Every structure is written in structure tokens, then in C-alpha cells.
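Take a look at the model below. This report walks through it part by part.

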Amino acid sequence: MPTAFLWDVVLYYHRWRHGIQHVTASLQKTSSPLQIGVLGAAAINTIAIYDAVSTHPDATIAGVAARSRAKAEAQIARYKLKDAKGYGSYDELLAVPNIDAVYIPLPNGLHCEWTCKAMRAGKHVLCEKPLASNAEQVREIMKVSQQTGKVVLEAFHWRLYPAAHVLKDIVESGRYGKVREVRAHLGLPAWVIGKDDIRFNYDLAGGASMDMLYVFSTSSYYAAPSLRGAEVEVLEAKPRKNGKDARIDDAMEATYTVRTGEHAVVCHVRADLGAPPLYGFIPKIWAAGDGVGIDLEKATISYGSYAAPYAGHAITITDKATGNIEKLTAFTDGPQWKKRGQPWWTTYRYQLEAFVDRVRAVQGGAALQDLAAVEGPWISLEESEAVMELVDKVYTKAGMPKRVWKLNAESTVLKSSMYARVLTALPAALT
Ligand SMILES: NC(=O)C1=CN([C@@H]2O[C@H](COP(=O)(O)OP(=O)(O)OC[C@H]3O[C@@H](n4cnc5c(N)ncnc54)[C@H](OP(=O)(O)O)[C@@H]3O)[C@@H](O)[C@H]2O)C=CC1
Ligand SMILES: O=C1OC[C@@H](O)[C@H](O)[C@H]1O
């Protein structure tokens, strides 16, 4: 959902339903909460970071930067961010020494550049999905994270929600035999996203497969214990191309296999930024929504609303032999969070919990390679890389270009290439 207004409506209902304003009002913050800066006064900020921080005792919004200071200050005022200062550029915010971490909700094509800049400025990073324009850029982020010792988390918020882990446990328990097929979809009806939205801009690394790459991360999460090390082959990728720019997939349907050892799982995914209206005017509301379906040897399982499970979800297991149907929900706890969470925590609130825990661990002396051992779920950069590699393969199979490689002066990959050396040397040679 692209506009701040729509996110405000979703959030307002959620907060009202659970009485969260009372939680926020009585919350006692720690004496020195993690200072978080936000790069961009984006629409998603309201639910993805401001609301999450409002109920986290050990985090606060210390600053918001936008390309215009007035825009940053308007967002601070609108969301009553009492500890935040407005900045007129992202660099200005990165220069503030007491800001520990940043949240990056910029267009996809800017994620790699600003994540690297932020780490080099000494900040830990929670970056929106997709983490970069392509897998090569994710590898660059991994390199800079190692060099600087900074934590980076890609905002795959659905992956940090208890219900996702409960389902993973059921699938991997072997109780229902092996997984055969996984289906995942995410779609919006036409007109929700404006034609000028960042999602339709190739130079900003737009496209349905990029914006809605949850369909790849969810399907692969349930297809194999880990996508890393598995053999992935894209069998088919059918885009519905944008009328104005054929490099943009307004929608993508893809089939791929994930092979682990002898066992292969077939995955079918569908991502749609706006299904064209029926007869040109009836919005296809029925084509919208999100869900995962898993076919195992002895059962079929569906997980509806995986992207926004906090608003209501159901894991439905149908036993193939008996026809018995079991329905489960998991708003808290689960096998990875153990005894943690609140029924009203959003996916973004769980995400913030995981991020703050890891940043605090590193500030306390933990090494980056030990982050997975910190209690609670985590998404490694290796997992982000594997999902991005899959997206790259889908574009290649569809006969479309991978998303842009934005020239970046800090790029370690670029610096080492002949092309980059020429580009760097050129201005000097001309003066
Ligand atoms: N986790 C989730 O559920 C969701 C994640 N997202 C992700 O968040 C990111 C932002 O999405 P969304 O909030 O919808 O987008 P918006 O268009 O609302 O925000 C993008 C921000 O990027 C900044 N920006 C910087 N350079 C440019 C440029 N050249 N063109 C346009 N904007 C620019 C703008 O900042 P400024 O304020 O400085 O002008 C703007 O605030 C995307 O990566 C998207 O995939 C989006 C929705 C849901
Ligand atoms: O959850 C989502 O749904 C709609 C998308 O456009 C958005 O970016 C995504 O994160």
C-alpha cells in the first residue's frame, strides 16, 4: 500500500482494536534507548517504524531526514515524534554522532548505496526490502558490514512473526511427510498504487518481483530448510509488462524448483502490483491479498495473510488420509520467540525487537558472526543474498534485465573494476 494515508488507516484500526494508545501512554523507556534515525519521510514509516518504536522500551526516533527539512519536520509533527529532530539531507542525519542506527525506507535502487554509507558513518541498519537492486549489491553490503562491524537487517517482517515459525516447525517436523509443492501470492487491485509510484520506476529498481519479493522469500522458506546451499532452477517466468516501460514487471508469475540433496520442491509464485480491472472498470478485489499453500505427502496446509498476520491469520491443515481439518493461530511465542511477544505486536514490532536485540548484542561486544546465536529469530545476510539471487534468475528467465546497478562511488566492487577505475580517473583527467 503506497500512501501514508492507507497505512494510517490500517494502523489506526489496529491500535484502536487493541487499545495500544494506553500501552504507549504508560510505557517507561530505558534511560538511554537506542537512537534511531530515519532516512526518508516515506509512507511506510508510520506502521513500519514509528508505531513499532512507540511500544519498544529501548528505542526512540532521534531524527528524520528528508530531501527537504520541511518534509521531515512535517512527518515528525504529524506522528508526534517528541525526541526527533528534522534534517534536510540524509548525509546530515548520518553525521549525527549519537544516532546508533538507521531505518532506510528509500526506493529500492537507493538501498545499497545508503546502507553502505550509513554503516561507514558508524550506524547499524534496518533496511526496507528488497535489500538491494540485485544479488551483487547484497554481496557488497555483506562486505561493508564485515568491514565496519555493523548489523544489517533486511525488513522481511513477515519472517519474524511467530505464526511463520510455527508453520515452519510443522512442515519440518516430518509429521506430514515431505513437502512437494509450495504456492505463494501477493497482489493488489489496480489503482491502489499510483502510476508514478517508485514501484514502476526501473531506475529506482522497481517491478513486482522486487516490491513483492515476499512471494519468493515465503515460498523458499517453506520449500527447504535453507535456500543457501540448495540448488535453485527457475523453470518459467511470465511477466505482465508495464505499458510504458517494458523493463518493469507489473506482475510476475514464476515456477522454480528448490533441490536439497535428492529432494526437489516445486514452487509457484504470483506477484501483482495491480490486477487490471475487469471490463476496464471493476477493481479485481478478489485477486488481491496474500497467502501461502503447501502440499505435503500427507497434508495440505495454507497460511492466509502471511504478510499482515497481526490483523488476523489462520494456518489450516487438512489431513489427506482422514480429511480432518485443524486450524491454528500464533500471535505470540512460537518455537523461535519462546515466551515473547504480545497479541497486538505487528510484524514490524517483532522485527524491531529482533533488530534492537542484535544491535545491543554487538554494542555489548558480540561478534557479527554470533548474531544467529542471540535468542529469537533472525534473518542473515546470506538468506537475503539467496532470495535476491532467485529474483535475479527470475528476471533473466523472463528475458528482462536485472535491476539497475547504480553507480556508487563507495562501491568496493566498482572500485576494483576496470570500468570504475576509468570512471574515477576521467574527471581528474579532464581538469
Ligand atoms: N515492509 C513493508 O511492509 C513495506 C515496505 N515498503 C518498502 O519501503 C520502501 C519505501 O516505500 P514507500 O513508503 O511506499 O515509498 P514512498 O514513495 O512513500 O517513500 C520513498 C521515500 O524515498 C525518498 N526518495 C529519495 N530519493 C527518491 C527518488 N529519487 N524518488 C522517489 N523517492 C525518493 C522520498 O524521501 P524524501 O522524504 O526524502 O523526499 C520518500 O519519502 C520501498 O523499498 C518499499 O519496498 C513499502 C511498503 C510496505
Ligand atoms: O506488503 C506489501 O504490500 C504492498 C506492496 O506494494 C508493499 O511494498 C509490500 O511490502
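## Two terms to start

A residue counts as buried if 20 or more other C-beta atoms lie within 10 Å of its own. It counts as exposed if 12 or fewer do, and as partly exposed in between. This is a predicted model.

## Helix α10 and Tyr222

The buried residues run from Tyr214, Val215 and Phe216 through Ser217, Thr218, Ser219 and Ser220 to Tyr221, Tyr222 and Ala223. What do they pack against? Their partners are helices α8 (162-172) and α13, plus strands β7 (179-189), β9 (249-260), β10 (263-275) and β11 (289-296).

Tyr222 is buried because 26 other C-beta atoms lie within 10 Å. Leaving aside neighbours within four places in sequence, Tyr222 is in contact with Leu167, Lys168, Val171, Val179, Val182, Val292 and Ile294. Thr30 is elsewhere: the C-alpha atoms of Tyr222 and Thr30 are separated by 38 Å. Along the chain, these two are 192 residues apart.

## Two domains

The chain is divided into domain 1 (4-155 + 347-375) and domain 2 (159-340 + 385-397). Their C-alpha centres lie 25 Å apart. The contact between them takes 18 residues from domain 1 and 17 residues from domain 2. On the domain 1 side, the elements that give two or more residues are α7 (135-148) and α12 (347-363). That side divides into 9 nonpolar, 7 polar and 2 charged residues.

A UniProt record, an unreviewed entry, places the feature "domain: Gfo/Idh/MocA-like oxidoreductase N-terminal" at residues 35-154. Over residues 35-154 the chain is 41% helix and 22% strand. The end C-alpha atoms of this stretch are 19 Å apart.

In soluble globular proteins, nonpolar side chains tend to be buried together. Here the largest nonpolar core has 127 residues. The largest share of this core, 8 residues, comes from helix α13 (residues 381-397). Where does the core lie relative to domain 1 and domain 2? Both domains give residues to this core, so it lies between them.

Ile36, Val64 and Val102 have the most contacts inside the core. Follow Ile36. Apart from neighbours within four places in sequence, Ile36 is in contact with Val53, Ala59, Thr60, Ile61, Ala62, Ala101, Val102 and Tyr103.

## Helix α6

Helix α6 (residues 111-120) is mostly covered, with 9 of its 10 residues buried. Among the buried ones are His111, Glu113, Trp114 and Lys117. The cover includes strands β1 (34-39), β4 (101-104), β5 (124-127) and β6 (152-154). Helices α5 (90-94) and α7 are also part of it. After α6 comes Gly122, with a positive phi near 95 degrees.

## Around ligand 1

How many residues surround ligand 1? There are 22, and the closest are Ala41, Ala42, Ala43, Ile44 and Ala66. The shell divides into 14 nonpolar, 3 polar and 5 charged residues. Each of domain 1 and domain 2 supplies at least three residues to the shell.

## An exposed strand residue

Glu233 is found in strand β8 (residues 231-241). Is Glu233 buried or exposed? Glu233 counts as exposed because it has 12 C-beta neighbours inside 10 Å. Not counting residues up to four places away in sequence, Glu233 touches Tyr256 and Thr257.

## Backbone exceptions

Most residues other than glycine have a negative phi, and most peptide bonds are trans. The peptide bond from Lys129 to Pro130 is cis, with omega near -15 degrees. Pro130 is in the loop between β5 and α7.

Asp333 has a positive phi, near 60 degrees. Asp333 lies in the loop between β14 (325-328) and α11 (334-337). With 14 other C-beta atoms within 10 Å, Asp333 is partly exposed. Lys338 also has a positive phi, near 55 degrees. Lys338 lies in the loop between α11 and α12. Lys338 is exposed, with 11 other C-beta atoms within 10 Å.

Note on methods: Residues are numbered from 1 along each chain as its sequence is written. Chains are lettered from A and ligands numbered from 1 in the order in which they are written. This is a predicted model: local features need pLDDT of at least 70, side-chain atom pairs count only at pLDDT 80 or more; totals for chains, interfaces and linings use all residues. Domain bounds come from an automatic or database domain assignment. Two residues are in contact if their C-beta atoms, placed from the backbone, lie within 7 Å. Helices (H or I, at least four residues) and strands (E, at least two) are DSSP runs, numbered from the N terminus. Ala, Val, Leu, Ile, Met, Phe, Trp, Tyr, Cys and Pro count as nonpolar, Asp, Glu, Lys and Arg as charged, and the others, Gly among them, as polar. UniProt positions are given in the numbering used here, feature names are shortened, and annotations may be inferred rather than shown by experiment. A residue is near a molecule or strand if its C-beta atom, placed from the backbone, lies within 6 Å of it. A nonpolar core is a set of buried Ala, Val, Leu, Ile, Met, Phe, Trp, Tyr and Cys residues joined through C-beta atoms within 7 Å.
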